[in-house]
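Please look over the sequence and the structure shown below, and keep both in view while you read.

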Amino acid sequence: SPGRTNVSKAIILHEYGGPEVLKWEDYDPGEPGPGEVRIRHSAMGLNFRDTYHRTGSYKIPGDKFPAIIGGDGAGVIEAIGPDVTDFSVGQRVCYGNGPMGSYAQVRLFPTSHLFALPDNIPDQAGAALLVKGFTAHYLIYKTFPVQAGQTILIHAIAGGTGIIMCQLAKMIGASVIGTTSTSEKAELAKSYGCDHVINYTTESVPERVRDITDGVGVPVVYDGVGLATYEGSLDSLAVRGTLVGYGNASGNFPPVEPLDLMDKGSLYFTRTRGNHFIPDRPEMDRVAGELFDFVGSGKVKIEINKTYPLEQAPQAHIDLEARKTSGCVVYLPE
């Protein structure tokens, strides 16, 4: 209606920087245009990728400020654009791809990247699932297709993505070695099926991997940590093994020296980006459908280990970067 306002709150960035640049401010998302809906969030996911966008390690599109970050959320549609026919007001939905902007109580979102949230998946699980789930799915099934009987290494196994990767690999029939920083996180990883947990603060990861694999090493290392783990990842690989880099929580991977790859066993190194593996709506539908089936049937568990009010996003980022969080973490809109 004319003059209608929809003032709510959002975490808004006016510049790149530390957690202090995350500002809790009034926000009016406006009315949905063609191909859009307006979602009132019930939960929003926290992902390490959010810290990259906050610092500028991953650029905000066009470096345009003010900006709202955040990649996934769940909620209820409260308005639809003029040509939207495949979604309806009042419908429960979730997303894990598409334009940033989930750090808001209410937002506009394109239906091209939106999914109906199945009745048997709670809102918080839906909000935590898709960014991490899409990533875990393409890493385990496409980047290096894990086979039954293989032993693989996953860094940061107790994080939200690591736990999903672990469960997918166990479904295939692989043996999983995971790294983490505390005994509490080690127990969490074991509860999700991780076969061997290495505490990287007290143990040499390559030495333990060699012990576990009778000196052979692993065919693949999944590394979302980056700078701090790169050398140890290479030294954990078997001949012709593959290092899959998919994140840089400790800083970007260093420049690759080709002769190092040769000397350490004719190794492969790849740095992935999700939309190269899930490039279009049909593939998004296929992968999301599998993830919904896995979670709905209980084969993959999405347990929310901590929640923060969205207003406390700065503290959530501090805790995430200090490795104080584990598993899936979500924001609540109020």
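Predicted model: local features only at pLDDT ≥ 70, side-chain atom pairs only at ≥ 80, totals over all residues.

Residues are numbered from 1 along each chain as its sequence is written, and side-chain values use heavy atoms, with hydrogens and water left out.

Because 17 of its 21 residues are buried, α2 is largely enclosed by the rest of the structure; here buried means under 20% relative accessible area, exposed means over 50%, and partly exposed lies in between, with a 1.4 Å probe and protein chains only.

In soluble globular proteins, nonpolar side chains tend to be buried together. A nonpolar core is a set of buried Ala, Val, Leu, Ile, Met, Phe, Trp, Tyr and Cys residues joined through side-chain atoms within 4.5 Å. The largest such core has 48 residues, of which Leu-130, Ile-152, Tyr-222, Phe-292 and Ile-302 touch the most other members. Several elements supply at least two residues each to this core, among them α2, β8 (151–154), α3 (160–172) and β15 (328–332), and α2 gives the most, with ten residues. A second, separate core of 21 residues includes Ala-10, Val-21, Ile-60 and Leu-320.

Which residues does Leu-130 contact, leaving aside its neighbours within four places in sequence? Its contacts, meaning heavy atoms within 4.5 Å, include Asp-72, Cys-94, Phe-115, Leu-291 and Phe-292.

Rings of Phe, Tyr and Trp (its six-membered ring) pair if their centres lie within 6.5 Å, and planes under 30 degrees apart count as stacked, over 60 as edge-to-face and the rest as tilted. Phe-115 and Phe-292 form an edge-to-face pair, 6.4 Å centre to centre with 75° between the planes. Phe-115 lies in strand β7 (residues 115–116) and Phe-292 in helix α8 (residues 281–296), so the pair ties together parts that are 177 residues apart in sequence. Phe-115 is buried, with a relative accessible area of 5%, and Phe-292, at 11%, counts as buried too.

The rings of Tyr-230 and Phe-269 have their centres 5.8 Å apart and their planes at 80°, so this pair is also edge-to-face. It links helix α6 (residues 230–235), which holds Tyr-230, with strand β13 (residues 268–271), which holds Phe-269, 39 residues apart. Tyr-230 is buried at 3%, whereas Phe-269 is partly exposed at 25%. Elsewhere, ring pairs link Phe-48, Tyr-52 and Tyr-58 into a cluster.

Charges can also meet rings, and a charge sits over a ring if NZ of Lys or CZ of Arg is within 6 Å of the ring centre and within 35 degrees of the ring normal. The charged end of Arg-281 sits over the ring of Phe-115, 4.4 Å from its centre, and that of Lys-306 sits over the ring of Tyr-308, 4.9 Å from its centre.

Finally, consider the backbone. Most residues other than glycine have a negative phi, and most peptide bonds are trans. Phe-65 and Pro-66, however, are joined by a cis peptide bond, with omega about -5°, and Pro-66 has its place in the loop between α1 (48–55) and β4 (73–80). Ala-156 has a positive phi, near 55°; this residue is found in the loop between β8 and α3 and, at 39% relative accessibility, counts as partly exposed. Ser-266 likewise has a positive phi, near 50°, in the loop between α7 (258–263) and β13, and at 43% Ser-266 counts as partly exposed.

Terms used:
Helix = DSSP H or I, 4+ residues; strand = E, 2+ residues; numbered from the N terminus.
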